[in-house]
Amino acid sequence: MNRDYTHRQIILHWLVVLAIVITYALAELKGFTPHNSRLHRLMVVTHYSAGFSVLILMLFRIYLRLIHRAREILPSAPRWPLWVAKAGHGLLYLLFIAVPLLGMWSLYLGQVPWALFGISMPHASHPDPVLRHSLRHLHALLANSGYALIGLHAGAALVHHYLLRDNTLRKMLPQRRHTPPTQR
Ligand code: HEM
Ligand code: HEM
């Protein structure tokens, strides 16, 4: 079985990072724009679409992860930190699937029109403002805890690279393929 992260897995990892940065940035920055302005509305709808992209990309990543095993850390590390890393990765998958789903569910239960990539989305036939409110709170709470998890994850990658000096970060970076010089 191939033990490398494939090119597709690496591209997807960094695409997810980009989509998450955009989604968070829009959620935080929209607070600085006048509530009924076009810019505010644009930031809100783009937050929805960028967040939805995170969901789709994460699901695709899980599919790829099931068919490709991750590459070994070299030099090899003790076992328990590997389990901590696996649990952390599992939490990242869970979080960035649950957060967009909760956001979408809360909008589904409301009455305000909403859209993903310009396609208008449905509402429940019986709006439920109480549940909608709780889902929105849970969405915000989990999204805010995502900051800590991402910080720990990125910090761990940097510790591996700069202090432990193993290949953890390099295996998630695009590799240069060394093609042998053509023989004349
Ligand atoms: C990875 C994906 C996402 C992240 C990280 C994220 C993050 C956030 C954050 C940080 C906030 C502000 C919370 C606060 O006020 O403290 C927020 C608000 C909100 N998000 Fe998301 N979100 C994501 C995806 C989505 C999606 C897919 C939807 C729905 C289509 C959505 C709908 C909302 C709603 C309705 C709010 C409440 C405020 C508003 O109406 O703008 N989010 N989100
Ligand atoms: C923004 C949010 C991020 C998310 C949601 C995320 C998510 C993930 C997930 C789920 C994995 C596990 C891949 C697998 O084996 O299935 C992973 C691996 C990895 N990520 Fe991230 N990541 C993020 C940001 C970063 C950043 C900023 C860095 C670098 C500083 C980074 C470096 C790595 C590395 C090196 C691995 C491979 C770890 C290993 O296989 O042991 N990630 N990431």
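Q: What do buried and exposed mean here?
A: Buried is under 20% relative accessible area, exposed is over 50%, and partly exposed lies in between (1.4 Å probe, protein chains only).

Q: And what am I looking at?
A: A predicted model, where local features need pLDDT of at least 70 and side-chain atom pairs pLDDT 80 or more, while totals for chains, interfaces and linings use all residues. Residues count from 1 along each chain as written, chains are lettered from A and ligands numbered from 1 in written order, and side-chain values use heavy atoms, without hydrogens and water.

Q: Is Thr 33 buried or exposed?
A: Thr 33 is buried, because its relative accessible area is 14%.

Q: Where is Thr 33 found?
A: In the loop between α1 and α2 (helices are DSSP runs of H or I, at least four residues, numbered from the N terminus).

Q: What does Thr 33 touch?
A: Leaving out residues up to four places away in sequence, Leu 39, His 40 and Met 43 (contact: heavy atoms within 4.5 Å).

Q: New topic: which residues come nearest to ligand 1?
A: Thr 23, Lys 30, His 47, Met 104 and His 139, of 22 around it (a heavy atom within 4 Å).

Q: Which element gives the largest share of the shell?
A: α3, with six residues.

Methods. Helices (H or I, at least four residues) and strands (E, at least two) are DSSP runs, numbered from the N terminus.
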